[in-house]
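This report covers helices, their packing and a few selected residues. Keep the model open while reading.

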Amino acid sequence: MKAICIIPAKKISSRVPNKNIKSFFGKPMIGHVISSLLKSNCFKEIFVSTDSKKIKDISEKYGAKVPFMRPKHLSDGYTKTIDVIADAIKRLKKNYQFDTVCCVYPTSIFVTPMIIKKAIKILNNKKVKFIFSAK
């Protein structure tokens, strides 16, 4: 399996300004998520779809790739995650090879490498087409 992970991290947030990069125990929230994804060793690449230069810079600092900036029409408060992920897949297919896509939110700071490994194991079982976790 050639899995990638896409983190949808837009700049605006109506309830908590800059929530994706808010510091949590001395590290931006998205930094915690990227670190856990990297430690899991489950993904060929980790990408961030964002419309923010600041989020891009922080994401790259923690080891994710940001090969494009998300278009403005996919960055408002009404855009669905599925549309953001579909756009990212379309763009990434031009330069990367993968057969599995995972989406992890930038505020999923309690996701651990062990949880990620368990999720990928379930996906590899081929009895399911997708999985969803919530806490």
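## L37 and the basis of the model

L37 sits in helix α1. Helices here are DSSP runs of H or I with at least four residues, strands are runs of E with at least two, and both are numbered from the N terminus. L37 has a relative accessible area of 1%, so this residue is buried. Buried means under 20% relative accessible area, exposed means over 50%, and partly exposed lies in between, with a 1.4 Å probe and protein chains only. Not counting residues up to four places away in sequence, L37 touches C5, I7, F43, I46, V104 and I116. Contact means heavy atoms within 4.5 Å. From C-alpha to C-alpha, L37 and K117 are 9.4 Å apart in space and 80 residues apart in sequence.

The model is predicted: local features need pLDDT of at least 70, side-chain atom pairs count only at pLDDT 80 or more, and totals for chains, interfaces and linings use all residues. Residues are numbered from 1 along each chain as its sequence is written, and side-chain values use heavy atoms, with hydrogens and water left out.

## Helix α1

Helix α1 has 12 residues. Its first and last C-alpha atoms are 17 Å apart, close to the 16 Å expected at 1.5 Å a residue. The expected span is 1.5 Å times one less than the number of residues. Of the 12 residues of α1, 10 are buried, so the helix is largely enclosed by the rest of the structure.

Which residues of α1 are buried? They are M29, I30, G31, H32, V33, I34, S35, S36, L37 and S40. These buried residues pack against β1, β2, β3, β4, α2 (53–61) and α4.

## Where α1 meets α4

Two packed helices are described by the angle between their axes and the distance between the axes. Helix α1 covers residues 29–40, and helix α4 covers residues 113–124. Their axes come within 8 Å and cross at roughly 55°. Axes are lines fitted to C-alpha atoms, for helices over the stretch in contact, and angles run from 0 to 180 degrees between N-to-C directions. α1 and α4 are therefore oblique to each other. Angles under 35 degrees count as roughly parallel, over 145 as roughly antiparallel, 65 to 115 as roughly perpendicular, and the rest as oblique.

The crossing of α1 and α4 is right-handed. That term applies if the near helix is turned clockwise from the far one by less than a right angle, while anticlockwise gives left-handed. On the α1 side, the meeting residues are S36, L37, K39 and S40. On the α4 side, they are P113, I116 and K117.

## Helix α3

Helix α3 spans residues 81–92. At 1.5 Å a residue, its 12 residues should span 16 Å, and its end C-alpha atoms are 16 Å apart, which agrees. V84, I85, D87, A88 and L92 are buried in α3. Seen down the axis of α3, the buried residues fall within an arc of 160°, so they line one face of the helix. The arc is that of the directions from the helix axis to the C-beta atoms.

What does the buried side of α3 pack against? Its buried residues pack against β1 (3–8), β4 (45–49) and β5 (100–103). The face turned away from that side carries the exposed residues I82 and K90.

## Two positive phi angles

F25 is not a glycine, yet its phi is positive, at about 55°. F25 is in the loop between β2 (23–24) and β3 (27–28). Its relative accessibility is 77%, so F25 counts as exposed.

N41 is not a glycine either, and it has a positive phi of about 55°.

K19 lies in the loop between β1 and β2. Its relative accessible area is 29%, so K19 is partly exposed. Leaving aside neighbours within four places in sequence, K19 is in contact with S13, M29 and T107. K19 and I55 are 36 residues apart in sequence and 11 Å apart in space, C-alpha to C-alpha.

Is S75 buried or exposed? At 7% relative accessibility, S75 counts as buried. S75 is in the loop between α2 and α3. Leaving aside neighbours within four places in sequence, S75 contacts K10, I12, D51 and R70. S75 and A9 are 66 residues apart in sequence, and their C-alpha atoms are 9.1 Å apart in space.
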